[in-house]
Amino acid sequence: MSVRTLPLLFLNLGGEMLYILDQRLRAQSIPGEKARKGERLFVFAVMNDIITTMFNKKFMEELFKPQELYSKKALRTVYDRLAHASIMRLNQASMDKLYDLMTMAFKYQVLLCPRPKDILLVTFNHLDTIKDFIRDAPGILNQVDETFRQLIDTYCSLSDGEFQLIRQTLLVFFQDMHIRVSIFLKDKVQNSNGRFVLPISGPVPWGTEVPGLIRMFNHSGDEVKRTEFTTPGNYVTPQREGSFELYGDRVLKLGTNMYSVSRPVETHMSGSSKNLASHAKENIVPNPLAKEELNFLARLLGGLEVKKPAGSETGFRLNLFMTDEEEEHAALTRPEELSYKVINIEATQEPGRRAELSRILGEMEVAEPRPASGEKGEDLLALMDAL
């Protein structure tokens with residue numbers, strides 16, 4: 001296992017989360033003329049809060065320290081916290097769907113990377129798009145640029161072998177996840193069992209040659225014979241290598257926002273995933289270190305303590321399904337071993353910032369959110385102090 005994998009996993013999954021939330025925030029209809037006028041301001045406020053928390057300087061410093069990957073439960077908890085770092089709320093069914101989409105999108109990108117080092121270009125594509133989300137917020141933009149520089153300093157000097165180990169670590173993390181996603185199914189890049197279809201055509205990795213030629217050499221190293229053979233795929237040589245600088249053309253398109261063209265996205269459990277309990281005992285067997293691990297993550301994400309909320313507050317509820325009925329049905333039919341409980345956290349925040357978000361909501365005439373299914377009516381704010 002590579003001890004340099006965690007930052008890449010966190011940033012890429014976080015990027016996919018932001019793509020999905022941005023698409024759903026813009027797609028979910030909010031009644032009222034004022035709401036439509038204030039939609040852009042509201043989306044900007046929500047995305048700013050989440051990105052500010054995600055790129056918190058203290059958290060990034062801890063994240064980049066060499067370490068093993070977090071457990072699946074602990075990592076999922078981090079994204080629960082991030083998704084609720086603003087006034088937006090998701091109930092468990094929507095949070096489950098959000099996490100499914102994040103993980104399957106990044107798994108597909110890792111599988112399709114022409115060479116292991118291109119995982120870094122995928123990460124840069126995510127950060128480039130995140131910077132577009134906050135281009136009007138220079139303070140947050142500086143946070144993302146600082147993370148960019150950390151990535152360049154940490155990873156650009158690694159060897160091909162170290163990147164291969166990172167790729168293998170990521171594939172081990174994703175190996176039991178076979179969630180069917182409608183976008184992938186419609187594009188015929190995923191089978192009905194949730195496994196991806198890898199192409200046999202397209203550009204070869206940078207620095208390699210198109211297959212079809214065998215060279216034979218003698219003991220002196222001189223080429224003595226060439227034999228050509230036919231390949232089943234249509235391979236091409238890439239025109240140039242993607243840029244690993246702070247600004248530049250990444251060439252590789254993996255990691256860009258596939259939701260920029262609006263289309264519905266559904267997730268479905270494959271047969272192998274429904275039986276995942278036999279392969280993922282950590283989800284059903286109590287882990288004596290789980291509490292300490294989650295409390296450590298809570299301290300990293302702003303020094304907040306996990307505790308039972310004392311009361312309820314309102315927030316904007318986001319539904320990742322087409323209707324409330326679909327969301328409720330998903331919550332009831334999802335296998336228990338694949339569901340996670342959202343940890344509700346009480347946190348303090350700058351009074352001015354909270355007042356500003358309240359003002360935005362008031363202008364938008366956002367309806368009172370109904371209690372999330374299975375949450376006992378407690379749809380609480382989980383605002384994070386990003387320092």
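Is Phe174 buried or exposed, and at what relative accessibility? At 1% relative accessibility, Phe174 counts as buried, where buried means under 20% relative accessible area, exposed over 50% and partly exposed in between, computed with a 1.4 Å probe on protein chains only. Phe173 also counts as buried, at 5% relative accessibility.

The model is predicted, so that local features need pLDDT of at least 70 and side-chain atom pairs count only at pLDDT 80 or more, while totals for chains, interfaces and linings use all residues. Residues are numbered from 1 along each chain as its sequence is written, and side-chain values use heavy atoms, with hydrogens and water left out.

A pair of aromatic rings is described by the distance of the centres and the angle of the planes. Rings of Phe, Tyr and Trp (its six-membered ring) pair if their centres lie within 6.5 Å; planes under 30 degrees apart count as stacked, over 60 as edge-to-face and the rest as tilted. The structure holds 11 aromatic pairs. One of them joins Phe173 and Phe174 edge-to-face, at 5.3 Å centre to centre and 80° between the planes.

Phe184 and Phe196 form an edge-to-face pair, with 5.3 Å between centres and 80° between planes. Both Phe184 and Phe196 are buried. Ring pairs also link Phe10, Phe59, Tyr79 and Tyr99 into a cluster.

A charge sits over a ring if NZ of Lys or CZ of Arg is within 6 Å of the ring centre and within 35 degrees of the ring normal. Lys72 lies over the face of Phe173, 4.7 Å from the ring centre. The charged end of Lys117 sits over the ring of Phe244, at 4.7 Å from its centre.
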